[in-house]
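The report is meant to be read beside the structure.

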Amino acid sequence: VQLQAFGGGVEQARGSLRLSCVVSGSIASINFMGWYRQAPGKQRELVASIAKGDRTNYADSVKGRFTISRDNAKNTVYLQMSSLKPEDTAVYYCNVKGITASSMWSDYWGRGTVVTVSS
């Protein structure tokens, strides 16, 4: 299973970016798809997640500005980021948790995409 993230870049404050993460390979059941980020000198934190039944969860710092969604047919999870702030600058990682065909719980990470927000 591989996760490939797209959409990072440099954006001005108050601008928007959309991140995409394509999941390839075989997972029998995806239970959780999420975006994490890690800023320089800080710990990785959960930004947003979407679970089965499309239950979403957001960090307080991004509520009302970021939206997570998924396209099951394309095995893709998106993160629409609006009203960007310089403090959103970080490496963003996508994460998928689910059950493999051999009934094992698995946790997969993408390589990360850099988002830089200038003031």
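Predicted model: local features only at pLDDT ≥ 70, side-chain atom pairs only at ≥ 80, totals over all residues.

## Strand E4 and its neighbours

Strand E4, which covers residues 29-38, is mostly covered, with 8 of its 10 residues buried. Strand E9, made up of residues 90-99, runs antiparallel to E4 and is joined to it by 9 bridges; within this pairing, Phe32 has Lys97 of E9 as its bridge partner.

E4 also pairs with strand E5, residues 45-51, again in the antiparallel sense and over 6 bridges, and here Tyr36 stands opposite Leu46 of E5. The two strands E4 and E5 form a hairpin in which 6 residues lie between them, and Gly41, in the turn, has a positive phi of about 80°.

## The disulfide

The count of disulfides in the model comes to 1, and the cysteines that form it are Cys21 and Cys94, whose sulfur atoms are 2.1 Å apart. This pair links distant parts of the chain, since Cys21 belongs to strand E3 (residues 17-24) and Cys94 to strand E9, with the two cysteines 73 residues apart. The torsion about the S-S bond of Cys21 and Cys94 is about 50°, and the disulfide is therefore right-handed.

## Burial of the two cysteines

Residues count as buried when their relative accessible area is under 20%. Cys21 has a relative accessibility of 0% and so counts as buried, and Cys94, at 1% relative accessibility, therefore counts as buried too.

Key
Residues numbered from 1 in each chain as written. Heavy atoms only, no water. Buried < 20%, exposed > 50% of the residue type's maximum accessible area, 1.4 Å probe, protein only. Helix = DSSP H or I, 4+ residues; strand = E, 2+ residues; numbered from the N terminus. Pairing = 2+ DSSP bridges. Disulfide = S-S within 2.5 Å.
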